Amino acid sequence: MKNKKIIISGGNKLSGSLHVRGAKNAITKEMVAALLSSEPSVLHNIADIADVEIVSRMIELHGAKVTKISDGSIRIESKGLRLAQPDELHKIAGSSRIPILFAGPLLNRLGTAQLPTLGGCEIGPRPVDFHLKALASMGASISQSEKVIELKTSGLKGTKIELEYPSVGATEQILLSSVLADGVTEVKNAAIEPEIIDLICVLQKMGAIIGVGTGRVITIQGVEKLSGFEHTVLTDRIEVASWACVAAATNGRIFVKGAQQEPMMTFLNTFRRVGGEFKIKDDGIEFWREGELKSITLETDVHPGFMTDWQQPFVVLLTQAKGSSTIHETVYEDRFGFTKALNEMGANIQLYQDCLGGTSCRFENRNHLHSAIISGPTPLHSAKITVPDLRAGFSYIIAALIANGNTEIDGLDIVERGYEKFEEKLSAIGTKIIT
Ligand code: EPU
(Lines give C-alpha, C1' and ligand atoms only; values in the text may rest on other atoms or scores of the structure.)
Protein backbone atom coordinates (compact mmCIF):
# COMPACT_ATOMS: atom_id res chain seq x y z
CA MET A 1 0.00 0.00 0.00
CA LYS A 2 1.27 3.46 -0.80
CA ASN A 3 2.19 5.72 2.05
CA LYS A 4 1.90 9.39 1.22
CA LYS A 5 3.92 11.68 3.40
CA ILE A 6 4.37 15.45 3.34
CA ILE A 7 6.12 18.00 5.50
CA ILE A 8 4.26 21.24 6.10
CA SER A 9 6.02 24.37 7.23
CA GLY A 10 3.43 26.05 9.46
CA GLY A 11 2.71 29.41 10.98
CA ASN A 12 1.63 31.37 7.89
CA LYS A 13 -1.61 33.16 7.02
CA LEU A 14 -3.16 31.34 4.08
CA SER A 15 -5.17 33.22 1.48
CA GLY A 16 -6.43 32.63 -2.03
CA SER A 17 -9.14 30.74 -3.82
CA LEU A 18 -9.81 27.10 -4.55
CA HIS A 19 -12.59 25.00 -6.07
CA VAL A 20 -14.58 22.29 -4.27
CA ARG A 21 -16.55 19.85 -6.43
CA GLY A 22 -19.13 17.13 -5.78
CA ALA A 23 -19.66 15.51 -2.37
CA LYS A 24 -17.90 12.18 -1.88
CA ASN A 25 -20.84 10.95 0.19
CA ALA A 26 -23.32 11.72 -2.59
CA ILE A 27 -21.30 10.79 -5.70
CA THR A 28 -20.55 7.28 -4.50
CA LYS A 29 -24.22 6.50 -3.74
CA GLU A 30 -25.42 8.05 -6.99
CA MET A 31 -22.98 5.87 -8.90
CA VAL A 32 -24.62 2.86 -7.24
CA ALA A 33 -28.09 4.26 -8.08
CA ALA A 34 -27.11 4.14 -11.77
CA LEU A 35 -27.11 0.33 -11.46
CA LEU A 36 -30.88 0.37 -10.86
CA SER A 37 -31.40 0.92 -14.60
CA SER A 38 -29.97 -0.86 -17.63
CA GLU A 39 -29.92 2.51 -19.42
CA PRO A 40 -26.76 4.68 -19.24
CA SER A 41 -26.51 7.51 -16.69
CA VAL A 42 -24.27 10.57 -16.53
CA LEU A 43 -22.95 12.35 -13.43
CA HIS A 44 -21.30 15.79 -13.44
CA ASN A 45 -19.24 17.70 -10.83
CA ILE A 46 -17.33 14.55 -9.99
CA ALA A 47 -14.31 15.17 -7.80
CA ASP A 48 -11.07 13.43 -8.66
CA ILE A 49 -10.86 11.48 -5.39
CA ALA A 50 -9.78 7.93 -4.62
CA ASP A 51 -13.26 6.89 -3.45
CA VAL A 52 -14.70 7.52 -6.93
CA GLU A 53 -11.98 5.28 -8.35
CA ILE A 54 -12.75 2.62 -5.72
CA VAL A 55 -16.49 2.65 -6.47
CA SER A 56 -15.80 2.64 -10.24
CA ARG A 57 -13.74 -0.52 -9.82
CA MET A 58 -16.46 -2.13 -7.68
CA ILE A 59 -19.05 -1.28 -10.33
CA GLU A 60 -16.83 -2.76 -13.05
CA LEU A 61 -16.46 -6.00 -11.06
CA HIS A 62 -20.27 -6.23 -11.42
CA GLY A 63 -20.06 -6.23 -15.22
CA ALA A 64 -20.90 -2.54 -15.64
CA LYS A 65 -18.75 0.17 -17.19
CA VAL A 66 -17.67 3.57 -15.86
CA THR A 67 -16.26 5.95 -18.47
CA LYS A 68 -14.78 9.38 -17.87
CA ILE A 69 -16.38 11.56 -20.55
CA SER A 70 -14.66 14.83 -19.60
CA ASP A 71 -13.04 16.42 -16.56
CA GLY A 72 -15.63 15.98 -13.82
CA SER A 73 -18.15 13.91 -15.81
CA ILE A 74 -18.64 10.15 -15.93
CA ARG A 75 -21.02 7.78 -17.69
CA ILE A 76 -22.16 4.51 -16.11
CA GLU A 77 -23.59 1.69 -18.21
CA SER A 78 -24.85 -1.44 -16.50
CA LYS A 79 -26.64 -3.50 -19.15
CA GLY A 80 -24.53 -6.52 -18.33
CA LEU A 81 -24.95 -6.36 -14.53
CA ARG A 82 -23.78 -9.54 -12.79
CA LEU A 83 -22.50 -10.66 -9.40
CA ALA A 84 -18.89 -9.95 -8.43
CA GLN A 85 -16.60 -12.18 -6.39
CA PRO A 86 -16.93 -10.95 -2.76
CA ASP A 87 -13.21 -11.45 -2.07
CA GLU A 88 -12.29 -9.32 -5.11
CA LEU A 89 -14.75 -6.66 -3.92
CA HIS A 90 -13.27 -6.82 -0.46
CA LYS A 91 -9.73 -6.26 -1.81
CA ILE A 92 -10.86 -3.06 -3.51
CA ALA A 93 -13.31 -1.79 -0.89
CA GLY A 94 -11.07 -1.78 2.21
CA SER A 95 -12.95 0.20 4.86
CA SER A 96 -15.44 1.71 2.35
CA ARG A 97 -19.11 1.57 3.38
CA ILE A 98 -20.31 1.45 -0.22
CA PRO A 99 -20.39 -2.33 -1.01
CA ILE A 100 -23.42 -2.94 1.24
CA LEU A 101 -25.38 -0.39 -0.83
CA PHE A 102 -25.08 -2.60 -3.93
CA ALA A 103 -27.73 -4.84 -2.28
CA GLY A 104 -30.72 -2.87 -3.62
CA PRO A 105 -29.73 -2.74 -7.31
CA LEU A 106 -28.50 -6.36 -7.29
CA LEU A 107 -31.58 -7.76 -5.51
CA ASN A 108 -33.95 -5.81 -7.74
CA ARG A 109 -32.23 -6.68 -11.00
CA LEU A 110 -30.71 -10.12 -10.31
CA GLY A 111 -32.66 -11.39 -7.29
CA THR A 112 -29.41 -12.09 -5.47
CA ALA A 113 -26.41 -10.26 -4.04
CA GLN A 114 -23.08 -11.37 -2.59
CA LEU A 115 -21.24 -8.69 -0.68
CA PRO A 116 -18.19 -8.59 1.55
CA THR A 117 -18.84 -8.12 5.28
CA LEU A 118 -17.76 -4.70 6.49
CA GLY A 119 -15.48 -4.36 9.46
CA GLY A 120 -15.10 -1.45 11.83
CA CYS A 121 -12.56 1.30 11.33
CA GLU A 122 -10.72 3.98 13.27
CA ILE A 123 -13.98 5.77 14.14
CA GLY A 124 -15.74 2.82 15.72
CA PRO A 125 -17.32 -0.58 15.00
CA ARG A 126 -19.68 0.72 12.26
CA PRO A 127 -22.21 -2.16 12.10
CA VAL A 128 -24.72 -2.77 9.25
CA ASP A 129 -27.51 -4.30 11.36
CA PHE A 130 -30.04 -1.58 10.39
CA HIS A 131 -29.35 -2.27 6.69
CA LEU A 132 -29.84 -6.01 7.05
CA LYS A 133 -32.98 -5.70 9.22
CA ALA A 134 -34.54 -3.39 6.62
CA LEU A 135 -33.67 -5.70 3.72
CA ALA A 136 -35.06 -8.70 5.63
CA SER A 137 -38.31 -6.85 6.34
CA MET A 138 -38.63 -6.17 2.60
CA GLY A 139 -38.38 -9.87 1.86
CA ALA A 140 -34.68 -10.61 1.38
CA SER A 141 -33.28 -13.79 2.90
CA ILE A 142 -29.86 -13.23 4.38
CA SER A 143 -27.06 -15.62 5.20
CA GLN A 144 -23.81 -14.39 6.59
CA SER A 145 -20.40 -16.04 6.90
CA GLU A 146 -17.22 -14.51 8.27
CA LYS A 147 -16.42 -12.82 4.97
CA VAL A 148 -19.60 -12.77 2.86
CA ILE A 149 -23.18 -11.56 3.19
CA GLU A 150 -25.42 -13.41 0.77
CA LEU A 151 -28.90 -12.06 0.00
CA LYS A 152 -31.68 -13.53 -2.11
CA THR A 153 -35.22 -12.52 -2.98
CA SER A 154 -38.02 -13.54 -5.26
CA GLY A 155 -39.10 -9.87 -5.28
CA LEU A 156 -38.71 -7.14 -2.65
CA LYS A 157 -41.93 -5.85 -1.13
CA GLY A 158 -42.77 -2.44 0.28
CA THR A 159 -43.18 -2.33 4.04
CA LYS A 160 -43.09 -0.06 7.10
CA ILE A 161 -39.66 0.43 8.65
CA GLU A 162 -38.70 2.44 11.71
CA LEU A 163 -34.98 3.02 12.07
CA GLU A 164 -33.54 2.87 15.61
CA TYR A 165 -31.34 5.83 14.67
CA PRO A 166 -31.50 8.09 11.58
CA SER A 167 -28.59 6.31 9.88
CA VAL A 168 -27.44 7.83 6.60
CA GLY A 169 -26.37 4.50 5.08
CA ALA A 170 -29.48 2.58 6.22
CA THR A 171 -31.77 5.29 4.80
CA GLU A 172 -29.89 5.11 1.49
CA GLN A 173 -30.11 1.33 1.60
CA ILE A 174 -33.88 1.48 1.94
CA LEU A 175 -34.19 4.07 -0.85
CA LEU A 176 -32.06 2.03 -3.26
CA SER A 177 -33.97 -1.16 -2.43
CA SER A 178 -37.54 0.10 -2.27
CA VAL A 179 -37.71 2.19 -5.46
CA LEU A 180 -38.24 -0.96 -7.53
CA ALA A 181 -40.06 -2.98 -4.83
CA ASP A 182 -43.66 -4.02 -5.06
CA GLY A 183 -45.84 -1.52 -3.15
CA VAL A 184 -45.20 1.33 -0.75
CA THR A 185 -42.35 1.57 1.76
CA GLU A 186 -42.53 3.99 4.66
CA VAL A 187 -39.37 4.84 6.59
CA LYS A 188 -39.74 6.48 9.98
CA ASN A 189 -36.81 8.14 11.74
CA ALA A 190 -35.04 8.44 8.36
CA ALA A 191 -31.88 10.50 7.83
CA ILE A 192 -32.45 13.61 5.73
CA GLU A 193 -28.89 14.78 5.06
CA PRO A 194 -28.52 17.00 1.94
CA GLU A 195 -26.60 14.14 0.28
CA ILE A 196 -29.66 11.91 0.80
CA ILE A 197 -31.96 14.55 -0.71
CA ASP A 198 -29.54 14.75 -3.67
CA LEU A 199 -29.81 10.96 -4.05
CA ILE A 200 -33.61 11.25 -3.92
CA CYS A 201 -33.39 13.86 -6.72
CA VAL A 202 -31.42 11.36 -8.80
CA LEU A 203 -33.98 8.61 -8.13
CA GLN A 204 -36.82 10.98 -9.03
CA LYS A 205 -35.07 11.76 -12.35
CA MET A 206 -34.95 7.98 -12.92
CA GLY A 207 -38.73 7.70 -12.47
CA ALA A 208 -39.08 6.94 -8.75
CA ILE A 209 -41.88 8.35 -6.58
CA ILE A 210 -40.48 9.42 -3.21
CA GLY A 211 -42.05 11.77 -0.69
CA VAL A 212 -40.09 13.41 2.12
CA GLY A 213 -42.62 14.24 4.82
CA THR A 214 -42.36 16.11 8.08
CA GLY A 215 -40.84 14.39 11.10
CA ARG A 216 -38.23 12.29 9.26
CA VAL A 217 -40.74 10.16 7.35
CA ILE A 218 -39.86 9.12 3.80
CA THR A 219 -42.41 7.31 1.64
CA ILE A 220 -41.38 5.41 -1.46
CA GLN A 221 -43.93 4.12 -3.91
CA GLY A 222 -42.29 1.30 -5.86
CA VAL A 223 -42.30 1.49 -9.67
CA GLU A 224 -41.71 -1.25 -12.24
CA LYS A 225 -38.80 0.23 -14.13
CA LEU A 226 -36.31 3.07 -13.84
CA SER A 227 -34.51 4.94 -16.61
CA GLY A 228 -31.02 6.44 -16.84
CA PHE A 229 -30.39 9.97 -15.54
CA GLU A 230 -28.11 12.98 -15.88
CA HIS A 231 -27.25 14.84 -12.68
CA THR A 232 -24.86 17.44 -11.27
CA VAL A 233 -23.82 16.36 -7.77
CA LEU A 234 -24.13 18.85 -4.89
CA THR A 235 -20.91 20.35 -3.51
CA ASP A 236 -18.96 18.60 -0.76
CA ARG A 237 -19.99 20.50 2.38
CA ILE A 238 -17.44 18.63 4.50
CA GLU A 239 -14.56 19.77 2.31
CA VAL A 240 -15.93 23.34 2.24
CA ALA A 241 -16.05 23.42 6.06
CA SER A 242 -12.51 22.05 6.22
CA TRP A 243 -11.18 24.96 4.12
CA ALA A 244 -13.23 27.45 6.17
CA CYS A 245 -11.42 26.13 9.26
CA VAL A 246 -8.07 26.57 7.48
CA ALA A 247 -8.93 30.23 6.77
CA ALA A 248 -9.96 30.96 10.37
CA ALA A 249 -7.21 28.89 12.01
CA THR A 250 -4.43 30.59 10.01
CA ASN A 251 -6.10 34.02 10.18
CA GLY A 252 -6.20 34.10 6.38
CA ARG A 253 -8.96 34.53 3.81
CA ILE A 254 -10.09 31.76 1.45
CA PHE A 255 -12.68 31.87 -1.30
CA VAL A 256 -14.19 28.42 -1.85
CA LYS A 257 -15.66 28.27 -5.33
CA GLY A 258 -18.64 25.94 -5.57
CA ALA A 259 -19.58 26.24 -1.87
CA GLN A 260 -23.35 26.36 -1.34
CA GLN A 261 -25.06 28.18 1.53
CA GLU A 262 -28.11 26.05 2.24
CA PRO A 263 -26.47 22.72 3.11
CA MET A 264 -23.90 24.65 5.19
CA MET A 265 -26.32 26.75 7.30
CA THR A 266 -25.61 25.05 10.61
CA PHE A 267 -21.87 25.18 9.99
CA LEU A 268 -22.01 28.85 9.01
CA ASN A 269 -23.88 29.78 12.21
CA THR A 270 -21.41 27.90 14.36
CA PHE A 271 -18.44 29.33 12.45
CA ARG A 272 -19.75 32.84 13.06
CA ARG A 273 -20.31 32.12 16.77
CA VAL A 274 -16.62 31.26 17.23
CA GLY A 275 -15.48 34.40 15.45
CA GLY A 276 -15.33 33.21 11.85
CA GLU A 277 -16.91 35.35 9.13
CA PHE A 278 -18.03 34.67 5.57
CA LYS A 279 -19.51 36.26 2.50
CA ILE A 280 -21.90 34.32 0.32
CA LYS A 281 -21.34 34.96 -3.37
CA ASP A 282 -23.10 33.61 -6.46
CA ASP A 283 -20.33 31.14 -7.19
CA GLY A 284 -19.05 30.28 -3.72
CA ILE A 285 -18.32 31.44 -0.17
CA GLU A 286 -15.39 33.47 1.15
CA PHE A 287 -14.19 32.65 4.69
CA TRP A 288 -12.00 34.55 7.18
CA ARG A 289 -12.01 35.45 10.85
CA GLU A 290 -12.83 38.62 12.74
CA GLY A 291 -10.37 39.12 15.61
CA GLU A 292 -9.91 36.59 18.39
CA LEU A 293 -11.54 33.15 18.16
CA LYS A 294 -14.13 32.42 20.89
CA SER A 295 -14.91 29.16 22.70
CA ILE A 296 -18.20 27.33 22.22
CA THR A 297 -20.33 24.43 23.44
CA LEU A 298 -21.71 22.25 20.69
CA GLU A 299 -22.81 18.75 19.89
CA THR A 300 -22.63 16.82 16.66
CA ASP A 301 -25.89 15.45 15.34
CA VAL A 302 -27.71 14.18 12.28
CA HIS A 303 -28.91 16.82 9.80
CA PRO A 304 -29.90 19.59 10.35
CA GLY A 305 -27.48 19.42 13.29
CA PHE A 306 -23.74 20.06 13.29
CA MET A 307 -22.21 17.22 11.22
CA THR A 308 -19.90 14.71 12.86
CA ASP A 309 -17.56 15.17 9.89
CA TRP A 310 -17.16 18.89 10.68
CA GLN A 311 -16.06 18.01 14.21
CA GLN A 312 -12.39 17.18 13.53
CA PRO A 313 -11.37 20.37 11.68
CA PHE A 314 -13.40 22.34 14.23
CA VAL A 315 -11.54 20.76 17.15
CA VAL A 316 -8.26 22.04 15.70
CA LEU A 317 -9.79 25.48 15.20
CA LEU A 318 -10.97 25.52 18.82
CA THR A 319 -7.44 24.86 20.10
CA GLN A 320 -6.85 28.48 19.00
CA ALA A 321 -10.01 29.88 20.66
CA LYS A 322 -9.97 31.70 24.00
CA GLY A 323 -11.52 29.71 26.86
CA SER A 324 -12.93 26.20 27.24
CA SER A 325 -14.96 24.68 24.44
CA THR A 326 -17.08 21.56 24.86
CA ILE A 327 -17.93 19.15 22.06
CA HIS A 328 -20.36 16.28 22.59
CA GLU A 329 -20.05 13.72 19.77
CA THR A 330 -23.43 11.96 19.46
CA VAL A 331 -23.10 10.20 16.09
CA TYR A 332 -20.05 7.96 16.64
CA GLU A 333 -18.97 6.56 19.99
CA ASP A 334 -15.24 6.72 19.29
CA ARG A 335 -14.41 9.73 17.13
CA PHE A 336 -11.96 11.61 19.34
CA GLY A 337 -8.99 9.21 19.13
CA PHE A 338 -7.25 11.65 16.80
CA THR A 339 -6.92 14.27 19.57
CA LYS A 340 -4.00 12.38 21.21
CA ALA A 341 -1.61 13.58 18.48
CA LEU A 342 -2.97 17.14 18.82
CA ASN A 343 -2.17 17.07 22.54
CA GLU A 344 1.34 15.91 21.67
CA MET A 345 1.60 19.05 19.51
CA GLY A 346 0.67 21.25 22.48
CA ALA A 347 -3.15 21.26 22.48
CA ASN A 348 -5.09 20.83 25.72
CA ILE A 349 -7.94 18.44 24.94
CA GLN A 350 -9.47 16.27 27.66
CA LEU A 351 -11.85 13.42 26.80
CA TYR A 352 -14.82 12.30 28.92
CA GLN A 353 -17.26 9.40 28.94
CA ASP A 354 -20.10 11.67 30.10
CA CYS A 355 -22.51 13.44 27.80
CA LEU A 356 -21.19 16.97 28.35
CA GLY A 357 -22.96 20.12 27.27
CA GLY A 358 -26.56 19.59 28.35
CA THR A 359 -28.22 16.65 26.61
CA SER A 360 -27.82 12.90 26.99
CA CYS A 361 -27.21 10.68 23.97
CA ARG A 362 -27.39 6.95 23.28
CA PHE A 363 -23.74 6.58 24.40
CA GLU A 364 -24.52 7.67 28.00
CA ASN A 365 -23.13 5.27 30.64
CA ARG A 366 -21.53 3.08 27.98
CA ASN A 367 -17.90 3.97 28.73
CA HIS A 368 -17.21 5.70 25.44
CA LEU A 369 -14.95 8.76 25.40
CA HIS A 370 -17.38 10.82 23.37
CA SER A 371 -17.15 14.31 24.91
CA ALA A 372 -14.18 16.67 24.71
CA ILE A 373 -13.16 19.84 26.48
CA ILE A 374 -10.70 21.92 24.51
CA SER A 375 -8.91 24.66 26.44
CA GLY A 376 -7.25 27.41 24.49
CA PRO A 377 -5.61 29.15 22.95
CA THR A 378 -2.57 26.87 22.90
CA PRO A 379 0.29 27.37 20.48
CA LEU A 380 0.97 24.17 18.55
CA HIS A 381 4.47 22.96 17.80
CA SER A 382 5.70 20.75 15.00
CA ALA A 383 5.65 16.97 15.31
CA LYS A 384 5.71 13.73 13.34
CA ILE A 385 2.13 12.45 13.05
CA THR A 386 0.31 9.62 11.29
CA VAL A 387 -3.21 9.95 9.88
CA PRO A 388 -5.74 7.58 11.49
CA ASP A 389 -8.76 8.28 9.23
CA LEU A 390 -10.00 10.63 6.52
CA ARG A 391 -11.42 13.55 8.50
CA ALA A 392 -8.82 13.35 11.26
CA GLY A 393 -6.25 13.41 8.45
CA PHE A 394 -7.35 16.79 7.18
CA SER A 395 -7.54 18.11 10.73
CA TYR A 396 -3.87 17.13 11.17
CA ILE A 397 -3.10 19.20 8.08
CA ILE A 398 -4.78 22.20 9.75
CA ALA A 399 -2.78 21.55 12.92
CA ALA A 400 0.41 21.49 10.86
CA LEU A 401 -0.59 24.77 9.17
CA ILE A 402 -0.81 26.58 12.51
CA ALA A 403 2.13 24.85 14.20
CA ASN A 404 5.51 26.47 14.50
CA GLY A 405 8.10 24.66 12.40
CA ASN A 406 7.94 21.67 10.09
CA THR A 407 5.34 18.96 10.76
CA GLU A 408 5.71 15.61 9.04
CA ILE A 409 2.37 13.92 8.27
CA ASP A 410 2.36 10.28 7.27
CA GLY A 411 -0.42 8.11 5.78
CA LEU A 412 -2.01 10.91 3.76
CA ASP A 413 -3.26 8.51 1.07
CA ILE A 414 -6.39 8.15 3.27
CA VAL A 415 -7.01 11.89 2.81
CA GLU A 416 -6.92 11.43 -0.97
CA ARG A 417 -10.10 9.34 -0.60
CA GLY A 418 -12.15 12.45 0.06
CA TYR A 419 -10.16 15.64 -0.58
CA GLU A 420 -9.51 16.34 -4.25
CA LYS A 421 -5.95 17.48 -5.08
CA PHE A 422 -5.45 18.78 -1.56
CA GLU A 423 -1.73 19.42 -2.01
CA GLU A 424 -2.36 21.59 -5.07
CA LYS A 425 -5.05 23.50 -3.19
CA LEU A 426 -2.79 23.97 -0.17
CA SER A 427 -0.05 25.35 -2.44
CA ALA A 428 -2.53 27.64 -4.19
CA ILE A 429 -3.33 29.37 -0.88
CA GLY A 430 0.33 29.77 0.01
CA THR A 431 1.25 26.67 2.06
CA LYS A 432 4.94 25.81 2.18
CA ILE A 433 5.08 22.09 1.51
CA ILE A 434 8.42 20.31 1.73
CA THR A 435 8.12 16.88 0.05
N1 EPU B 1 -25.24 2.45 12.76
C2 EPU B 1 -25.63 1.27 13.36
N3 EPU B 1 -26.10 0.27 12.55
C4 EPU B 1 -26.20 0.42 11.19
C5 EPU B 1 -25.81 1.63 10.60
C6 EPU B 1 -25.32 2.64 11.41
O7 EPU B 1 -25.54 1.11 14.59
O8 EPU B 1 -26.65 -0.52 10.52
C9 EPU B 1 -24.70 3.53 13.61
C10 EPU B 1 -23.22 3.81 13.31
O11 EPU B 1 -22.36 2.93 13.98
C12 EPU B 1 -23.06 5.25 13.75
C13 EPU B 1 -24.43 5.85 13.42
O14 EPU B 1 -25.34 4.75 13.29
O15 EPU B 1 -22.86 5.32 15.11
C16 EPU B 1 -24.47 6.69 12.17
O17 EPU B 1 -24.01 5.92 11.07
P18 EPU B 1 -24.54 6.19 9.59
O19 EPU B 1 -25.13 4.92 9.07
O20 EPU B 1 -25.35 7.42 9.59
O21 EPU B 1 -23.17 6.48 8.84
P22 EPU B 1 -22.69 5.89 7.45
O23 EPU B 1 -23.78 5.88 6.48
O24 EPU B 1 -21.92 4.64 7.69
C25 EPU B 1 -22.09 8.21 6.42
C26 EPU B 1 -20.86 8.85 5.88
C27 EPU B 1 -19.93 9.22 7.02
C28 EPU B 1 -20.67 10.15 7.98
C29 EPU B 1 -21.96 9.49 8.46
C30 EPU B 1 -22.79 10.40 9.32
C31 EPU B 1 -20.60 7.80 3.75
C32 EPU B 1 -19.84 6.88 2.88
N33 EPU B 1 -20.18 7.92 5.00
O34 EPU B 1 -21.65 7.01 7.06
O35 EPU B 1 -18.84 9.92 6.45
O36 EPU B 1 -19.85 10.43 9.07
O37 EPU B 1 -22.76 9.10 7.32
O38 EPU B 1 -23.12 11.56 8.64
O39 EPU B 1 -21.56 8.43 3.32
C40 EPU B 1 -16.61 10.45 6.03
O41 EPU B 1 -17.00 10.96 4.97
O42 EPU B 1 -15.43 10.55 6.45
C43 EPU B 1 -17.56 9.67 6.85
C44 EPU B 1 -17.18 8.89 7.84
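Student: By class, what residues make up the lining of the second largest pocket?

Tutor: Six nonpolar, four polar and five charged residues. Here Ala, Val, Leu, Ile, Met, Phe, Trp, Tyr, Cys and Pro count as nonpolar, Asp, Glu, Lys and Arg as charged, and the others, Gly among them, as polar. Bear in mind that this is a predicted model: local features need pLDDT of at least 70, side-chain atom pairs count only at pLDDT 80 or more, and totals for chains, interfaces and linings use all residues. Residues are numbered from 1 along each chain as its sequence is written, and side-chain values use heavy atoms, leaving out hydrogens and water.

Student: What counts as a pocket?

Tutor: On a 1 Å grid over the protein atoms alone, it's an open set of points where a 1.4 Å probe fits, with protein on both sides within 12 Å along at least five of seven lines; lining residues have an atom within 4 Å of a point. Points are joined across faces, edges and corners, and the volume is the space filled by probe spheres set on them. In this case that volume is about 270 Å³. Of the 15 lining residues, D48, V52, E53, K68 and I74 are the closest to the centre. Helix 2 (50-61), strand 4 (65-70) and strand 5 (73-77) each supply at least two lining residues; helices (H or I, at least four residues) and strands (E, at least two) are DSSP runs numbered from the N terminus.

Student: Which residues come nearest to the ligand?

Tutor: "Near" means a heavy atom within 4 Å. Of the 23 residues around the ligand, K29, D129, S167, V168 and V331 come nearest. For polar contacts, look for N or O pairs within 3.5 Å. A ligand oxygen sits 2.7 Å from a polar backbone atom of V331, and another such pairing, at 2.8 Å, involves a backbone N or O atom of F130.

Student: Where does the ligand lie relative to the domains?

Tutor: Between them, because domain 1 (5-20 + 235-434) and domain 2 (24-232) both give residues to its shell. Those bounds come from an automatic or database domain assignment.

Key: A polar contact is a pair of N or O atoms within 3.5 Å; within protein, one must be able to donate a hydrogen and the other to accept it, and residues adjacent in sequence count only if both atoms are side-chain atoms.
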